[in-house]
Amino acid sequence: MKKALAAPIGVAILALAGCRAGAPAAAKTVKVGIILTYSGPDASIGEAIDRGAELYRTLHRTDLPAGVELQLIKRDETGPTPDVAKRLARELIVREGVQLLTGGQWTPNVSAIAPLVTEAGIPYLVMSSGTASTTRLSPFIVRVAFTTWQHSYHLGRWVASNGMRRASTIVSDYAAGVDSEEAFVRGFTEAGGAIVSSIRAPVRTADYVPFLERVRRDKPQALFNFNPGGPEATRFVKAYHDLGLAAAGVQLVGPNAVVPDDELKNMGDAALGVISASHYSAAGDRPANRTFVAEWKKAYGADSLPNYFAVGGWDGMAAIFAAIRAQEGTLDPTRTRDFLAHWSNAESPRGPMQIDPDTRDVIQNVYIRRVEKVDGELRNVEFATIPSVKDPWKELHPSPTS
Amino acid sequence: MEGAAPVADLLITLAFYGIAYGAVLYLLSVGLSVTLGLMRFVNLAHGVFAMAGGYVTVAAMSRAGFPFVPAVLAAAVLVGAFGMLLERALYRRLYAAPILEQVLFSIGLIFVSMAIARYAFGPLAQPIELPAWLSARVNIGIGVFPAYRIFLIGVGALVSLAVWAGVERTRFGASIRAAVDNRRMAESVGINVSRLFTWSFGLGCALAALGGGLGAGLLPIHPGYPNEYLVYVLIVVAVAGLGNIRGALYAALAFGVADTTIRYFLPDLGRVVVLLLVMAVLFRHPHGLAPKTDA
């Protein structure tokens, strides 16, 4: 009996094994390297981007061409540490042989990686770094995120055109802060506004009261702020509230980092009424965004919200999927770069977006939002749209090579 | 604001916010002064216990429905007890070790705690909802100020009184002072110095937790917390004179007021000027402004 059964079972096992071995052998594997900050004090940003990308990958797994598999190789750059990022990128390109590199949380890290991708001819899809000049660092960089100038320059124009003609600025004293101050001041004064005072506060200021007390005495109509987001944003908004600046008629405005969607709960009612500019709000009332937020909550918990970093991860992965589909799973570096540089998506959670083939930078709507309480929850409610915004910095600083 | 002369009003405002800031710094640092003074242990991980206090406070409020003040008190008790366990299990082994090893150990503890906090609570800051009576703005005669900061000043004053009375007026405090002055003599008159260490370390941790919990509305609780405010805590403790408990109060208030005032008048250079001032003070008084005269 035993012997009689052994043979057929053996054949069956062999046949099954053959099937299992056969499928991957016929498959094409696309290797994509992703470098983000997964640990340390800034891990929340990396986690948001990663979650956005993973969510897209999970929900659209079946959209890849048959037999094509996407292998995502993750590396932790641990923070704004260019040398670590560069080493990881080299390892991914040389040892792992990735066909595409993505991530790009920090401008300094992207700057360190840029020469490597130029040399290797590997497309590098940037999901975050907001410095305007980032895409000029390498012809292989394509950005799906946003630029500081898209937000702050157009916010400046909007503020001056909406009855607030005198403004003060307080920005965190580092590259992105100074960049956004310049953008806001430019847009604001171009539209007829006057700057009353400008303060650059050290990064990680524990107590913003002295700076805000000065502003209270300058009595501007609007106060522009830029900070790195996270706990710093909460400290700022709470101090703004404690000094009664809103009651004194000083409207707080800023880019999305001043009132990140996921930090609103922590700020509480102090954030009510703050006006900001961003390409994305979790409260955005678009079908694609409602689906995105619902899927996000299903995957990461009902209390969790996608933020503007997460949408960068999501759209980045959408672009990668589109590139894989367009080339049937065999990524040619230059063709991939060209494909990404012409990519557009009418159905992003952030609204319609496209890549400008001339600059390889994103063109998208910028929304003006106000923090309001909806169903007992604080949200950044969009109430005005500036459509199809190109990066203003590049238009003001044309480059022959772009 | 309309009534008072602008200059007087400005000075009052700066003094008030400076003192409120100083009160938070005091609550964060006084525990370190207690442990440093008694055990001469360079515990850079002090902020870990403040962070733990913050997390327990937030969790007790959001998950167990505790009101703010009982939640902070519960956090102080729990973290104090946990600190005593840690003292028995880990810190004790390093009392005789060179300072460098103590520093390395406590820095290691900071990293471990950051990873645990991130794993357990996620990378974002914890939302804390202060009760309505702390969210208002109150007129206290000299101007309208946020109730929360008035509350912090009040608690800072109470804690400093309690710590002072505890050290100067109780048997426990007398034993501590005896052990600091002469450990062998204290032991030979029957004081159990080892147990005293455990209790006072627990006390230091409980004070840190109190500071972390009470200050959570101002200094958000997140995994980077122990590193983020370490510099301020160390400035207070160093300017006070290592382990000087009463000095910690003066140093915290002085730093709070100086920092607030200087940053108001020199917003861009404020931090540099304040740190230069701290350096100058420490150059002139390497043992702090109020060194222990009795130790």
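# Helices, loops and the chain contact

Biologist: What kind of model is this?
Modeller: This is a predicted model.

Biologist: Let us start with α4 of chain A. Which of its residues are buried?
Modeller: The buried residues of α4(A) are A:Thr107, A:Asn109, A:Val110, A:Ala112, A:Ile113, A:Ala114, A:Leu116 and A:Val117.

Biologist: And what do they pack against?
Modeller: In chain A, the partners of the buried residues of α4(A) are the helices α3 (82-94) and α6 (175-190), together with the strands β3 (100-103), β4 (124-126) and β5 (141-143).

Biologist: Where does α4(A) bend?
Modeller: The bend is at A:Ile113 and amounts to about 30°. A proline, A:Pro115, follows within four residues.

Biologist: What span should that helix have, and what does the model give?
Modeller: Helix α4 of chain A covers residues 107-120, and its 14 residues should span 20 Å at 1.5 Å a residue. Its end C-alpha atoms are 20 Å apart, so the two values agree.

Biologist: What comes after the helix?
Modeller: A:Gly121 follows α4(A), and its phi is positive, near 65°.

Biologist: You mentioned α6(A). Which residues cover its buried side, or rather, which elements?
Modeller: The cover includes α5 (148-161), β6 (166-172), β7 (194-201), β8 (222-226) and β9 (251-255) of chain A. The buried residues themselves are A:Ala176, A:Gly177, A:Asp179, A:Ser180, A:Glu181, A:Ala183, A:Phe184, A:Gly187 and A:Phe188.

Biologist: How many residues does α6(A) have, and what is its reach?
Modeller: α6(A) has 16 residues and reaches 22 Å between its first and last C-alpha, close to the 22 Å expected at 1.5 Å a residue. Just after this helix, A:Gly192 has a positive phi of about 100°.

Biologist: Now the loops of chain A. Where is A:Thr359?
Modeller: A:Thr359 sits in the loop between β12 (351-356) and β13 (361-374) of chain A. It counts as buried because it has 21 C-beta neighbours inside 10 Å, and the cut-off for buried is 20 or more. From A:Thr359 to A:Pro139 the C-alpha distance is 9.0 Å, although they are 220 residues apart in sequence.

Biologist: What about A:Arg360, buried or exposed?
Modeller: A:Arg360 is buried, since 25 other C-beta atoms lie within 10 Å. It also belongs to the loop between β12 and β13 of chain A, and its phi is positive, about 60°, although it is not a glycine.

Biologist: Which strand holds A:Ser388?
Modeller: A:Ser388 lies in β14, residues 377-389 of chain A. A:Ser388 is not a glycine, yet has a positive phi of about 45°. Because it has 13 C-beta neighbours inside 10 Å, A:Ser388 counts as partly exposed.

Biologist: And A:Gly284, what does it touch?
Modeller: Leaving aside residues up to four places away in sequence, A:Gly284 touches A:Asn289, A:Pro349 and A:Glu382. A:Gly284 is in the loop between β10 (275-278) and α10 (287-300) of chain A, and it counts as buried because of its 25 C-beta neighbours inside 10 Å. Its C-alpha is separated by 6.9 Å from that of A:Val381, which is 97 residues away along the chain.

Biologist: Turning to chain B, at what angle do α3 and α9 pack?
Modeller: Helix α3 (residues 68-89) and helix α9 (residues 193-214) of chain B pack at about 145°, with axes 7 Å apart. The crossing of α3(B) with α9(B) is right-handed. By class, this contact has 16 nonpolar, 6 polar and 2 charged residues.

Biologist: What angle do α1(B) and α12(B) make?
Modeller: The angle between α1(B) and α12(B) is about 145°, and their axes are 7 Å apart. Their crossing is right-handed, and the contact residues divide into 17 nonpolar, 8 polar and 1 charged.

Biologist: How many residues of α2(B) are buried?
Modeller: Of its 17 residues, 15 are buried, and α2(B) is thus mostly covered. Helix α2 of chain B, residues 46-62, reaches 25 Å from first to last C-alpha, close to the 24 Å expected.

Biologist: Finally, how many residues does each chain put into the contact?
Modeller: The contact takes 28 residues from chain B and 28 residues from chain A. On the chain B side, α1 (6-39), β2 (144-146) and α12 (245-265) each supply at least two residues. That side has 16 nonpolar, 4 polar and 8 charged residues.

Key. Residues are numbered from 1 along each chain as its sequence is written. Chains are lettered from A and ligands numbered from 1 in the order in which they are written. This is a predicted model: local features need pLDDT of at least 70, side-chain atom pairs count only at pLDDT 80 or more; totals for chains, interfaces and linings use all residues. The expected span of a helix is 1.5 Å times one less than its number of residues. The bend at a residue is the angle between axes fitted to the seven residues ending there and the seven starting there. A residue is buried if 20 or more other C-beta atoms lie within 10 Å of its own, exposed if 12 or fewer, and partly exposed in between; C-beta atoms are placed from the backbone. Two residues are in contact if their C-beta atoms, placed from the backbone, lie within 7 Å. Axes are lines fitted to C-alpha atoms, for helices over the stretch in contact, and angles run from 0 to 180 degrees between N-to-C directions. A crossing is left-handed if the near helix is turned anticlockwise from the far one by less than a right angle, and right-handed if clockwise. Ala, Val, Leu, Ile, Met, Phe, Trp, Tyr, Cys and Pro count as nonpolar, Asp, Glu, Lys and Arg as charged, and the others, Gly among them, as polar.
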